[in-house]
Amino acid sequence: MSASGSQTVPALRCQGVVKRFGALTALAGLSLEVPEGAFFGLLGPNGAGKTTLIRGAVGLTRLDSGSIEVFGLPVSGTTAARTRTMLGYAPQEVALDRFVPVREALVLHGRYFGMTRRDAAARSDEMLRVFDLADRADSYANELSGGMRRRLHLARALVHGPQLVILDEPTAGVDIELRRDLWEYIRRLHADGTTILLTTHYLEEAEALCERVAFIRDGTIAAEGTPPLLREQFGAGRLEEVYLRLVGR
Ligand SMILES: Nc1ncnc2c1ncn2[C@@H]1O[C@H](COP(=O)(O)OP(=O)(O)O)[C@@H](O)[C@H]1O
Ligand SMILES: [Mg+2]
């Protein structure tokens, strides 16, 4: 691979994305690129449009205009099924089927994404080990602690080996130790070459872990770049100052 020649396709490309809910414009012509292999943080206040954008990217929301591509393929239309399998998505709200045991939930997810039963089972066992859930493989979701549920929620998004993983507030409302564990899992995933897009309100962590961040406000990108560059650009010591300047109330 020559550094100069090949133009690599971004993991995610959003162009002029508009999404309205009645009179409310949640996304107002938003454009954003997440490079392949990046650890990317999408930052912004509640109601800024983060979840709406993510739902558009994973094909759960129809856009009013604009386009979203995953590794160069449109997420709607004839390539929708292909982009879906390239994506791992952990929604903001943890939702687990309480009548399906932990291991089975992972296997079912893998099967849903077209894995053979054998591959899905092997991969599920790997996920159970990685997320320290192996001894709870036969438990039901409603028997798990909040932390275990969080880990299962994340593990499930990863079963099918997606190249782009989108995590909507993966560490919201969890205690310090679990938050550290979750970030550690995500870091390892990124080290293995997976592209990560996540939203978070923990700016110190975003600063430490994200290679690039974008600030979203009122449905558009207010600024985007590496944390050091953004700090320099805004003459700020910390990303939190940039945040308050750009998107603070
Ligand atoms: N299904 C919906 N119906 C109506 N309004 C919605 C819907 N989903 C999101 N919104 C509105 O769109 C805006 C952006 O919401 P959201 O994308 O959830 O923001 P964030 O994830 O950044 O907190 C908010 O004003 C929210 O109330
Ligand atoms: Mg949200």
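Please keep in mind that the model is predicted. Helix 1 gives the largest share of the shell around ligand 1, with three residues. Elsewhere, helix 5 and helix 6 are roughly parallel to each other, and Val174 lies in the loop that leads from strand 7 to helix 6.

**Around ligand 1**

- The ligand 1 shell takes in Phe21, Leu24 and Ala26, then Gly44, and finally Asn46, Gly47, Ala48, Gly49, Lys50, Thr51 and Thr52.
- Two elements, strand 2 (24–34) and helix 1 (50–57), each contribute at least two residues to this shell.
- If you are sorting the shell by residue class, you will find six polar, four nonpolar and one charged residues around ligand 1.

**Helix 1**

- Helix 1 is largely enclosed by the rest of the structure, because seven of its eight residues are buried.
- The buried residues of helix 1 are Lys50, Thr51, Thr52, Leu53, Ile54, Gly56 and Ala57.
- After helix 1 comes Gly59, which has a positive phi near 80°.

**Helix 5 against helix 6**

- Helix 5 (residues 146–158) packs with helix 6 at an angle of about 15°, and their axes are 11 Å apart.
- Angles under 35 degrees count as roughly parallel, and helix 5 and helix 6 are therefore described that way.
- On the helix 5 side, Gly147, Arg150 and Leu154 take part, and they meet Leu178, Leu182 and Tyr185 of helix 6.
- This contact between helix 5 and helix 6 is made up of four nonpolar residues, one polar and one charged.

**Val174 in its loop**

- Val174 sits in the loop that joins strand 7 (164–168) to helix 6 (176–191).
- Val174 counts as partly exposed because it has 17 C-beta neighbours inside 10 Å, while a residue needs 20 or more to be buried.
- Beyond its neighbours within four places in sequence, Val174 touches Gly147, Arg150, Arg179 and Leu182.
- For a sense of scale, Val174 and Gly235 are separated by 61 residues in sequence, and their C-alpha atoms are 32 Å apart in space.

Key: Residues numbered from 1 in each chain as written. Chains lettered and ligands numbered in written order. Predicted model: local features only at pLDDT ≥ 70, side-chain atom pairs only at ≥ 80, totals over all residues. Near = placed C-beta within 6 Å. Helix = DSSP H or I, 4+ residues; strand = E, 2+ residues; numbered from the N terminus. Nonpolar A, V, L, I, M, F, W, Y, C, P; charged D, E, K, R; others polar. Buried ≥ 20, exposed ≤ 12 C-beta atoms within 10 Å, placed from the backbone. Contact = placed C-beta atoms within 7 Å. Axes fitted to C-alpha atoms, helices over the stretch in contact; angles between N-to-C directions. Parallel < 35°, antiparallel > 145°, perpendicular 65-115°, else oblique.
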